[in-house]
Amino acid sequence: MAVSRYSVVKAMQILNDIASRFPEAISFAAGRPPDDFISLPDVERKLSRFFDFHPSIDRTSLGQYSTTNGIILEMLSEYLYRAGIGRFRPSDLLVTNGAQEAILIALAVLVPEGKIAVTADPGYVGFTGPAEAFGFAIEAFADDEHFVSKIEERARREPRIGLVYAVPDFANPTGRVMSITERANLAGLAERYGFHILEDAAYRHYRYDGDALPTLKSFDRSGRVLYVESFAKTVLPGLRTAVVVAESTTGESAPIADRLGAVKSYVSVTTSPLAQATLAGLLLEINYQIAEAVEPRRAYVEANRNHLLRALEISFSEKSGYRWKCPEGGFFLTLETPRPFSEIDDLIACAEKAGVIVLPMNLFSSTGSRPNEIRLAFSNIVPSRIFTGIEALRTHLVN
Ligand SMILES: Cc1ncc(COP(=O)(O)O)c(C=O)c1O
């Protein structure tokens, strides 16, 4: 299904405007890591660590223009290995300015004229937004258990898919987790039909129930899966860093990491060497153990999820017609409503009258799908406000 310009223009405007229009409102809108864990790193200490590790490096080089693909690729290779993602050559890695830049350069390299990008609907505006803004052809398929078979049908019909964007763990906005079979099948389709996948692992470290599932990348036998891990939710969003794994497929004219780097050099030139060295110093300090370092905030967001479930149970009775499922991880819960919750009227009325900001799910859909759903972000809100906010939401919606 083709995506119009509608979502990028409207969704981004609404997302940006609503918080500034209602600064006092209790917000379940933003999928941010919790403020309580945002503290500025002791940059000097981190830089010292980095220089101790690389005694030969010229200190002033961090203030100079730097190599495009990154200056900490060996260390990121080590991190990915220790994190169980895989053993990758540093030359197959890039550091980007967040996952956002990785998405843009992947689109530029992998969706040439005549090819299409495929994503889930509702889907992440960080993908649909740049795709629309820069005029890439995109098609979106419902974010459900048929997503992969829809891609197969599409690929069989016409060999036009260049790139599939997927968030297999706790998607934004739906919270969906792709099953192991779906992951294996999607990686298999990429190989069979010759397209690439961009696997976005932004929320992978935020699992609350059950065991971690293998990455899509782990099913990749031919270098068709690019893996991007943002450090926004695990370290600091303000550091604007992510790592991309881009292995080359056999028979490619130029290594894909180089092709991505060539585009990156025109987008951002480089990722700030200061930010990279700070991240590297932090990785050294925690002995590369991001999962361990992130544990307190994972536990904080899990506790928030539990508070939200409790608040919903207290406020919405079984007979109210409102339903929800417990998300296994991530930052978002979907609340199903008995009547449509509209993008403009209900969203604004809710903020104005109930003092609560919640986002309609179809704000993230180009096709207006899932009109009876609300996305509740629970990552960056204090528990007392969860209970007050959900009760105010009920009073506004049910009465
Ligand atoms: C699916 C997804 N990917 C990536 C990110 C983070 O992107 P970045 O690294 O650009 O901050 C987010 C944050 O909202 C997200 O929801």
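A nonpolar core is a set of buried Ala, Val, Leu, Ile, Met, Phe, Trp, Tyr and Cys residues joined through side-chain atoms within 4.5 Å. Buried means under 20% relative accessible area, exposed means over 50%, and partly exposed lies in between (1.4 Å probe, protein chains only). Keep both ideas at hand for this tour.

The model on your screen is predicted: local features need pLDDT of at least 70, side-chain atom pairs count only at pLDDT 80 or more, and totals for chains, interfaces and linings use all residues. Residues are numbered from 1 along each chain as its sequence is written, and side-chain values use heavy atoms, with hydrogens and water left out.

**Stop 1: the whole protein**

Start with a cartoon view. You will find 12 helices and 13 strands; helices (H or I, at least four residues) and strands (E, at least two) are DSSP runs, numbered from the N terminus. The radius of gyration is 21 Å, close to the 21 Å that the globule rule gives for 399 residues, so the protein is as compact as a globular protein of that length. That radius is taken over C-alpha atoms, and the globule rule is 2.2 Å times the number of residues to the power 0.38.

How many of the 399 residues count as buried? The share is 55%. Contacts here mean heavy atoms within 4.5 Å. Of the contacts with a separation of 6 or more, 74% come from residues 24 or more positions apart.

**Stop 2: the largest core**

Now select F28, L308, L312, V358, L376 and I390. In the largest nonpolar core, which has 36 residues, these are the ones with the most contacts inside it. Several elements each supply at least two residues of this core: helix 10 (290–315), strand 10 (332–336), helix 11 (345–354), strand 13 (373–377) and helix 12 (383–398). Which helix gives the most? Helix 10 does, with 7 residues.

Zoom in on I390. Leaving out residues up to four places away in sequence, I390 touches F28, L308, A311, L312, S315, F316 and L376. Apart from this core lies another, of 31 residues, and L47, F231, L239 and L284 are among them.

While helix 10 is on view, pick N306, which lies in that helix. N306 counts as partly exposed because its relative accessibility is 34%. Draw a distance from N306 to W324: they are 18 residues apart along the chain, and their C-alpha atoms are separated by 13 Å.

**Stop 3: strand 8**

Select A242, found in strand 8 (residues 242–245). Is A242 buried or exposed? A242 counts as buried, because its relative accessibility is 0%. Show its surroundings: neighbours within four places in sequence aside, A242 is in contact with L94, V95, T96, G98, A99, V228, E229, S230 and F231. A242 and F231 are 11 residues apart in sequence, and 5.4 Å separates them C-alpha to C-alpha.

**Stop 4**

The buried ones are V125, G126, F127, T128, G129, P130, A131 and E132. Just after helix 5, G135 takes a positive phi of about 75°.

Next, go to P122, in the loop between strand 3 (116–121) and helix 5. A cis peptide bond joins D121 and P122, with omega about -5°. For another cis peptide bond, select N172 and P173, where omega is about 15°. P173 sits in the loop between strand 5 (161–166) and helix 7 (180–193).

**Stop 5**

Select N287, in the loop between helix 9 (273–285) and helix 10. N287 has a positive phi of about 55° although it is not a glycine. Now click Y288, also in the loop between helix 9 and helix 10. Y288 is not a glycine either, yet its phi is positive, at about 70°. N287 is partly exposed, with a relative accessible area of 43%, whereas Y288 counts as buried at 8% relative accessibility.

Finish at R224, in the loop between strand 6 (196–200) and strand 7 (225–230). R224 counts as buried because its relative accessibility is 17%. Not counting residues up to four places away in sequence, R224 touches A190, E191, G194, F195, H196, I197 and T249.
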